Every structure is written in C-alpha cells, then in structure tokens.
Amino acid sequence: MKKIVSLFLIVILFSSCKDDVECCVNPGGSVTLKFTHNWNGTPITEADFNQLKFTNANGDQLSIEKLRYVITNINLLDTKNRNLVDLGQNTGLSLTIPNQKADLINLKFRFGFKDEDNTDGIYQDLNTVNFNVPNMLGGGYHYMQFDGKFVAANNQEAGFNYHAIRAVNRTDPNNLVFKDTSFEVDLGEIEIINDTTIEIKMNVAEWFKNPNTWNLNELNTVLMPNFDAQILMNENGQSVFSLGEITQ
Amino acid sequence: MPLDGKKIRNYIFLFMFFLFLMNCASKEEEIYTPIAYNLKVPALFSEKLIGPLIPVNNPLTEEGVTLGKKLFFEKLLSRDNTQSCATCHSPKKAFTDQLQFSLGINNNLGTRNAMPLFNLAWNFSERFSWDGQDFSLENQAFTPITNPIEMDANWQEVTAKLQNHPTYPDLFLRAFGTAKIDSTLVVKAIAQFERTLISANSKFDKYLRDEATLTSAEKNGFTIFMEEEKGDCFHCHGSENNPLWTDNEFHNNGLDRNFTDLGLGAITGDPRDNGKFKTPSIRNLAFTAPYMHDGRFATLEEVIEFYSTGLQPSSTIDPLMKQINRGGVNLSTQEKADLKAFLLTLSDFDFVNSPAFQE
C-alpha cells in the first residue's frame with residue numbers, strides 16, 4: 001500500500017513540474033491587443049449598428065452596418081501575420097501574443113497589406129469571408145470594408161461603401177498603375193512587465209475628418225476604382241488609430 | 001507485503017472481471033469499426049478555402065454515408081410513407097424541387113422555396129435555412145421530418161418503422177456500432193451524406209483549371225459581376241477566389257419595401273435583421289429555378305432585371321445595393337444578357353448527374 005501511495009506521489013510530482021521548468025528565466029508575459037472603436041470618444045459596438053446616430057465632420061448623418069479591416073505585420077510577432085477585425089461579427093477584437101519578454105517595446109503594425117503581402121487569392125481565411133479585390137483592380141485584398149447609410153442632400157437614405165484598397169489608376173486597363181495606400185501605425189513605446197493588455201483605439205469619425213473633410217454626397221459608392229478617393233482614405237486613416245489603456 | 005490466499009483470489013477475480021469488461025468493449029468495435037470516408041476536396045477548394053467543417057462527434061465514414069444516402073431517399077421518414085428528403089431535394093435538380101413552394105405530405109404548401117444542397121460543409125457559421133433557423137446540418141435534419149407542412153411524422157413512429165425494417169438495424173450497427181435506432185443517429189447519418197455533396201466542376205471551374213474557354217459574352221458577364229459600378233455581385237456572391245459563390249451571410253438584397261416574411265429577424269427577434277435572408281450560392285442556377293426565398297422569380301432574366309431596376313428601399317436594405325431611387329444601376333440589354341451567360345457557366349452537370357448522389 002505504501003508503495004502505491006509513494007508511486008502515486010511521484011507521478012503527481014512529475015506531471016506537475018513540467019510547466020514550471022522555465023518559469024523564472026524570462027519574466028514578462030503575454031501581450032493582448034484589444035481593438036476598440038469609438039466615435040469621437042463615444043464607444044461603438046455592434047449594438048450601435050444600423051442606426052443613423054452618427055454625424056460626420058461634414059454634418060452628414062450616418063449609420064454603420066459593416067466595419068471590418070485587416071491589420072498586418074504586428075511587430076511583436078517575428079513572422080508575417082494578419083488579423084481581421086470585424087466589429088459586426090465581434091471577431092478579431094482581441095489578439096493574444098504569448099511569451100513576451102519584459103522589455104520596453106515600440107508597438108507597430110500596418111493597416112492593410114503592403115504590396116509584397118497583397119498577392120491575389122493566397123489567404124484562405126480571407127477568401128472564405130469574401131475579402132478579395134477583383135482582378136481588374138489588380139486583385140489582392142481589401143484593407144477595410146466600411147458600409148453604412150447616410151442621409152443624402154435630398155433627405156433620402158442612401159448607402160455608402162467606404163472600401164479601402166491599394167489605389168489603382170485604370171486609365172489604361174492594360175497598364176494599371178498602383179499606389180500602395182496601406183500605412184504603418186506606430187503606437188509608441190510601451191513597457192511590458194508582466195501580462196499586459198494594450199487597447200488599440202479606432203476613432204471611426206476620423207475617416208471622415210482629418211485632413212480631408214469627407215462629403216458622402218460626392219464620395220459614397222464605387223470608391224474601389226477611384227484612385228483619388230483611395231489617396232484621401234490613406235490620408236485620413238493616419239489619425240484614426242491611437243493607443244488606449246494599458247493594463248498590467 | 002506477503003499475500004495470503006484470500007487476497008490472491010480477490011486479485012484474480014478482479015483481473016478476470018477486467019478482462020471480461022475489456023473483451024465486451026472491444027468485441028463490437030473490432031467487428032463494426034466503420035471505415036473512415038475519404039472526402040475528395042476539389043483542388044480549387046483546398047487551394048482557396050479553409051477546410052470543410054466536419055464535427056468531431058460525427059466523422060464521415062463509408063458506412064455512415066451509405067446509410068445517410070439511403071435515409072435521404074427513404075419515404076418511411078414521412079408519416080404516410082409518401083415523401084423522402086429527395087422529394088423536395090432531387091439530385092437531378094441540384095437537390096431542389098423546381099416548385100415555387102414545396103408541397104408537404106398533406107398537400108400543404110409551404111412559404112419558402114426548397115434550397116439546393118451542395119458544398120454545405122463549407123458553411124462555417126453553420127446557420128442553415130433561408131432565415132438561419134437551424135444550427136448545424138444534424139439539427140437541420142430534425143425539422144422537415146416532424147414539420148406538419150413537410151413530412152409530418154413523429155420520431156417514435158419513424159424509428160419504429162426503421163427498427164422493424166429488414167436491413168436498417170444492420171446498417172446502423174455497421175455505421176454507429178449499435179442496432180438500436182434513434183433520431184440522433186438518423187440525423188447524423190443524413191448529415192454525413194449531405195457533407196459529401198460537393199459541386200465544383202462547372203464550366204467556370206474548368207475555365208479556372210484551363211480546361212475550358214469562355215465565350216466573349218460569358219467573360220463580359222463575369223466582368224459585370226465583378227465591377228463595383230455595374231453588378232457588384234462579388235461582395236456577397238464570391239468570385240474566382242471564393243468558389244463557393246456565396247458568403248453564407250444574411251442580407252436584405254432589396255426585394256421588398258414591406259416584409260411579409262421577416263426572415264432572419266423572426267429568428268433573432270432583432271428588427272435590424274428584418275428582411276434578411278441567406279445569400280444563396282449562384283452555382284447550378286440552370287437547375288434551381290424559381291429563385292429567391294419565396295421563388296418569386298421564374299427566370300434568371302427576372303432576377304437580373306430586379307437587380308438592375310427593381311430594388312425596393314427599406315431600412316434594412318444592404319448598403320451595397322446602389323442607386324435605389326432608380327431601382328438599381330440600370331444595366332444595358334447587352335450587359336444583362338452577358339451577365340446571364342456568365343451565371344450559367346457555374347452550372348455543374350457532373351454534379352446533377354453523379355451516380356454517387358442518385359437513388
């Protein structure tokens with residue numbers, strides 16, 4: 001009986017120490033990125049969708065019906081990476097990166113895809129959710145699909161499709177001219193001590209505001225083939241992300 | 001620790017008892033372990049899409065699929081033995097009935113158009129039916145059998161009929177290791193068969209594999225389908241990069257100003273979902289007329305005319321629907337004809353004629 005008990009104890013001992021071996025070499029912990037959304041400071045969740053409750057810088061009343069965008073090459077991961085944030089489906093809102101060393105980090109990522117990562121049809125997860133850009137526009141992927149309705153100048157509701165992609169000039173369909181309109185977001189220095197949650201805020205109102213006041217009566221749909229509209233989106237996008245709360 | 005005779009006897013008894021238990025357990029498994037079914041995922045799908053969704057508690061097996069197929073065509077599943085799943089989901093019609101509304105056993109007319117069945121294992125949200133009322137294929141299969149306007153049966157009678165049948169008990173034993181038939185096993189087998197219904201061999205698939213060429217009308221139609229200022233169909237119905245040709249999501253594509261059928265809204269209770277229905281795949285349209293959740297359009301010409309000039313405004317209409325005050329983008333006669341020609345290239349004759357799917 002005693003033998004059995006001691007055997008039992010040995011087994012317990014062995015199975016419990018497995019995880020502890022590396023415990024004290026690298027203090028630090030996991031880093032969780034939390035993507036939150038607001039309209040000039042007022043939080044937005046899926047519950048706020050489909051209501052004409054927002055007013056943009058141009059004074060147009062609007063609703064959000066779809067908001068999804070892709071974040072790539074987060075510099076905390078050393079390999080190429082991407083994360084599709086979909087506020088309507090509540091997916092991709094949180095991303096945990098395990099085993100970060102205690103360190104002062106400079107958190108950076110890219111909104112959309114760099115040209116070299118924007119190859120047509122290669123990401124199965126994004127194909128499955130229809131995130132592709134048509135071939136006649138150079139293929140690859142959307143950076144963002146932001147759909148909603150606005151109250152037009154004639155007082156009628158109309159849809160808008162604020163779709164950000166790599167800008168393409170189609171003046172000569174046989175010789176498309178591209179401009180990479182993805183951009184890097186640098187959130188500055190953050191000190192990682194132990195498990196850390198970092199909030200990354202998107203102020204959705206900024207897409208319509210700064211530096212270009214967006215007029216939905218002029219720019220609402222069919223923006224994918226519109227080179228100039230893509231440049232405006234790229235410029236306005238620079239100020240939409242900011243660092244939020246950091247909890248350790 | 002010295003062992004006395006009594007203890008030894010106890011140990012031997014225990015040991016024998018264990019052997020006995022293990023023996024019982026392994027016997028059935030040894031004889032009736034079903035063979036794993038090798039689902040042939042088309043190269044185009046494995047290249048472009050994430051893998052099919054097969055639930056861990058219902059893996060595909062040869063015996064399970066065979067049984068599921070037999071059950072799919074089995075009229076004993078209806079109260080008066082006149083209807084099977086295939087009555088409304090006929091393989092020759094891409095598993096539809098080509099009626100506006102399906103007829104149940106009591107000649108009751110439903111209010112929805114029978115849906116085609118293919119590529120169901122790639123519906124990753126697992127919401128089935130026009131309004132998403134059924135979660136998972138297994139759960140979906142429960143509904144038609146007891147629905148009074150469909151097969152109108154009750155499970156006790158159905159399982160009794162199958163249990164007393166000369167071959168079913170043995171088929172269940174082979175597929176699931178038990179000859180005791182219950183509703184859960186019936187729907188599991190049917191779901192296994194349904195997951196094997198793969199359609200990926202249309203003219204357009206062959207074109208993508210360089211095995212066929214498109215006419216200039218078909219090519220032009222595909223361009224209209226993809227152009228944001230023309231059809232802009234791809235945002236919901238997929239593209240060469242999403243060969244399911246659906247997003248499996250729910251949208252209001254602008255059929256009605258006021259809704260007689262709330263669709264998804266009736267299921268979620270959320271008025272923001274009123275008038276939303278599941279985007280159907282545009283594969284196999286040659287076999288699945290009439291179209292839309294209520295079969296209101298008899299022809300593809302009518303469907304295309306609707307998208308071009310017939311859009312109806314409402315608070316839940318999808319923002320992708322453009323120029324609603326003019327009814328849509330007003331395609332030219334040529335553009336409409338070309339779009340139709342393209343849509344028909346997605347019809348898969350091998351699928352509707354495949355012997356694996358016929359009774």
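Predicted model: local features only at pLDDT ≥ 70, side-chain atom pairs only at ≥ 80, totals over all residues.
# Notebook: chains A and B

I began with the salt bridges, and the structure holds 28 of them over all chains. My cut-off for a salt bridge was a side-chain nitrogen of Lys or Arg within 4 Å of a carboxyl oxygen of Asp or Glu. Residues are numbered from 1 along each chain as its sequence is written, chains are lettered from A and ligands numbered from 1 in the order in which they are written, and side-chain values use heavy atoms, with hydrogens and water left out.

**Entry 1: the two chains**

I looked up chain A and found three helices and 15 strands. Helices (H or I, at least four residues) and strands (E, at least two) are DSSP runs, numbered from the N terminus. Chain B, in turn, has 15 helices and four strands. I noted that its C-alpha trace spans about 95 × 50 × 40 Å along the principal axes.

Then I checked burial (buried is under 20% relative accessible area, exposed over 50%, partly exposed in between, with a 1.4 Å probe and protein chains only). Of the 248 residues in chain A, 48% are buried; for the 359 residues of chain B I have 52%.

For accessible surface I used the Shrake-Rupley method with a 1.4 Å probe; for residues, only the protein chains shown count as cover. Chain A comes to about 12,000 Å², with 51% belonging to carbon and sulfur atoms. Chain B comes to about 16,700 Å², and there carbon and sulfur atoms hold 57%.

I also looked at contacts, meaning heavy atoms within 4.5 Å. In chain A, 69% of the contacts with a separation of 6 or more are between residues 24 or more positions apart. In chain B, 65% of the contacts between residues at least 6 apart in sequence join residues at least 24 apart.

**Entry 2: salt bridges inside chain B**

I picked B:R112 and B:D261, whose closest N and O atoms are 2.7 Å apart. B:R112 sits in the loop between α4 (85-88) and β1 (127-128) and B:D261 in the loop between β3 and α12 (264-268), so this pair ties together parts of chain B that are 149 residues apart in sequence. B:D261 counts as buried at 18% relative accessibility.

Next I took B:E138 and B:R195, a salt bridge with 2.9 Å between the closest N and O atoms. B:E138 belongs to helix α5 (residues 137-146) and B:R195 to helix α8 (residues 183-195), so the pair links parts of chain B that are 57 residues apart in sequence. I have B:E138 as buried, at 11% relative accessible area, and B:R195 as buried too, at 2%.

**Entry 3: the A–B interface**

I counted 36 residues from chain A and 33 residues from chain B in the contact. Buried area here is the accessible area (1.4 Å probe) that two parts lose on being put together, summed over both. It is about 2,600 Å² between chain A and chain B, and carbon and sulfur atoms give 47% of that. On the chain A side, A:Q124, A:T128 and A:N130 lose the most area to chain B, together 22% of what that side buries.

I then counted three salt bridges between the chains. B:E229 pairs with A:R170 in a salt bridge, with the closest N and O atoms 3.6 Å apart.

I followed B:N241, which lies in the loop between α11 (234-237) and β3 (250-251) of chain B. B:N241 is buried, with a relative accessible area of 2%. For polar contacts I required a pair of N or O atoms within 3.5 Å; within protein, one must be able to donate a hydrogen and the other to accept it, and residues adjacent in sequence count only if both atoms are side-chain atoms. The side chain of B:N241 has such a contact with the side chain of A:D120 at 3.2 Å and another with the side chain of B:K48 at 2.8 Å.

From B:N241 I moved on to A:N127, one of the residues that B:N241 touches. A:N127 is in helix α2 of chain A and counts as buried at 0% relative accessibility. A polar atom of the A:N127 side chain lies 2.9 Å from the backbone oxygen of B:K48.

How values were computed. Lists of a residue's contacts leave out its neighbours within four places in sequence.
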